[in-house]
Amino acid sequence: MKKLLVSLLFIVAASVSAFAFIDSYTLKRDQLPEEARQMLDQYFPKAKIGMIKIDRHLLKKTDYDVRLVNGTTIEFNNKGKWTSVDCKSREVPEGLVTKAIRNHVKKNYSGVKIVKVVKKSSGGYEIGLSDGVILKFNLLGQFKGVKMEE
């Protein structure tokens with residue numbers, strides 16, 4: 001009987017801790033860290049939020065995925081710093097891409113727009129262009145190559 005009770009308590013405890021890491025969804029900006037709200041206000045002032053997904057991870061910190069009504073998706077880390085902006089076919093706001101990167105794209109890829117920017121955890125950026133090409137840059141905005149299909 002004692003073994004059964006201990007087993008049941010273990011199952012209940014495991015279930016409760018598993019539910020603590022379930023993602024949640026909201027439309028409320030105030031669920032985001034302050035820095036994330038400021039970024040949205042600065043670069044997407046008129047955009048309406050379609051959904052905010054709060055990703056809770058067991059071993060990682062919480063992060064946030066924001067989908068705007070226009071289809072743009074923005075990912076934020078637990079401190080509210082953006083890690084990825086994907087505007088689909090629209091151009092990424094100019095202030096999110098360093099001048100060096102913008103100049104490189106303008107000079108070498110005329111007629112295309114920067115539609116996605118990803119800050120890599122290993123340092124540097126991946127820049128998605130409207131023609132499907134993905135460029136890699138270091139933190140200083142120096143070109144490092146074209147990302148090859150994996």
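Start by selecting Lys-120, Glu-126 and Lys-147: a network of salt bridges links these three. A salt bridge here is a side-chain nitrogen of Lys or Arg within 4 Å of a carboxyl oxygen of Asp or Glu. You're looking at a predicted model, where local features need pLDDT of at least 70, side-chain atom pairs count only at pLDDT 80 or more, and totals for chains, interfaces and linings use all residues. Residues are numbered from 1 along each chain as its sequence is written, and side-chain values use heavy atoms, leaving out hydrogens and water.

Zoom in on Glu-126. Its closest contact with Lys-120 is 4.0 Å, N to O, and with Lys-147 it is 3.4 Å. Glu-126 sits in strand S7 (residues 125-129) and Lys-147 in the segment after strand S9 (143-146), so this pair ties together parts 21 residues apart in sequence. Strands are DSSP runs (E, at least two residues), numbered from the N terminus. Is Glu-126 buried or exposed? At 13% relative accessibility, Glu-126 is buried, while Lys-120 is partly exposed at 34% (buried is under 20% relative accessible area, exposed over 50%, partly exposed in between, with a 1.4 Å probe and protein chains only).

Next, select Lys-53 and Asp-55. Their side chains form another salt bridge, 3.5 Å from N to O. Asp-55 is buried at 8%, and Lys-53 is partly exposed at 22%.

How many salt bridges are there by this rule? The count is eight.

Key:
Helices (H or I, at least four residues) and strands (E, at least two) are DSSP runs, numbered from the N terminus.
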